[in-house]
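Have your viewer ready and your selection tool at hand.

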Amino acid sequence: MRIDKLLANLGYGSRKEVKGLLKSGSVKVNDVVVKDAKQHVDPNKEIVTFNGEVIEYKEFIYLMMNKPPGVLSATEDHRDETVIDLLELNDQVYEPFPVGRLDKDTEGLLLLTNDGHLAHRLLSPKKHVPKTYFAVIDSEVTEEDIIAFGKGVTLDDGYVTKPGELTILKSGIRSDIELTITEGKFHQVKRMFEAVGKNVVYLKRMTMGPLPLDETLELGEYRELTDEEVELLKEYQAE
Ligand code: URA
């Protein structure tokens with residue numbers, strides 16, 4: 001990769017501004033000053049420094065966020081805050097995007113990456129990646145609902161869902177449940193409950209494929225996935 005592109009990608013300025021930085025002699029590759037913007041570097045093998053500080057470069061970034069309510073799962077929006085706005089600038093420079101969507105009022109596990117290939121595999125309807133949600137329902141959830149969800153329910157547009165695994169954690173005039181689904185239709189959990197005449201009043205995603213939400217993350221906080229977690233995701237081949 002060209003050195004000016006690498007530095008621009010990392011947020012050191014526009015290609016033009018980076019040219020100026022290079023001219024000033026503040027960039028070295030393997031301890032040799034590089035002034036030519038066209039010079040190619042391999043950031044995985046060569047040591048690039050800026051004013052003596054080693055520049056850490058990675059092609060891909062993988063983040064897990066505990067999405068707070070009130071924030072959009074989008075990269076930009078002219079009115080609302082997005083999950084990208086919650087990222088530090090030195091993570092934003094990698095241009096990550098959310099892997100799928102959570103509704104504005106939904107909380108919990110959201111992956112963000114710039115690895116389009118992995119995101120595509122996790123979202124592919126063919127892969128049936130399971131996602132588990134915790135929800136509070138406005139009424140009593142019953143054994144009949146478990147059976148109905150286990151068969152698949154008909155949504156408002158006539159679509160019949162794949163079977164979902166419903167577990168009642170607490171039943172009453174308000175119920176706590178967990179639901180695992182392998183699809184990602186628009187508002188799916190809310191619409192599945194509407195199909196049995198009930199409403200979701202709180203929704204939080206707890207898992208995506210092999211990854212559980214890191215419960216040490218406060219709402220709005222995020223962290224990079226560990227190498228092991230990235231490997232788990234890559235090896236994960238749900239069918
Ligand atoms: N199902 C929903 O209804 N909303 C979400 O945000 C995720 C799944």
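**Stop one: the cores**

Start by selecting I3, I177, L179, V189 and F193: within the largest nonpolar core, which has 43 residues, these touch the most other members. A nonpolar core here is a set of buried Ala, Val, Leu, Ile, Met, Phe, Trp, Tyr and Cys residues joined through side-chain atoms within 4.5 Å; buried means under 20% relative accessible area, exposed over 50%, and partly exposed in between (1.4 Å probe, protein chains only).

Before moving on, note that this is a predicted model: local features need pLDDT of at least 70 and side-chain atom pairs count only at pLDDT 80 or more, while totals for chains, interfaces and linings use all residues. Residues are numbered from 1 along each chain as its sequence is written, and side-chain values use heavy atoms, with hydrogens and water left out.

Now centre on I3. Leaving aside residues up to four places away in sequence, I3 touches L22, V27, V29, V34, D36, A37, Q39, V41 and V48 (contact means heavy atoms within 4.5 Å). Another core, of 16 residues, lies apart from the largest one; M64, L111, L217 and V230 are among its members.

**Stop two: the rings**

Next, show F134 and Y202, an edge-to-face aromatic pair with 6.1 Å centre to centre and 65 degrees between the planes. Rings of Phe, Tyr and Trp (its six-membered ring) pair if their centres lie within 6.5 Å; planes under 30 degrees apart count as stacked, over 60 as edge-to-face and the rest as tilted. Y202 is partly exposed, at 28% relative accessible area.
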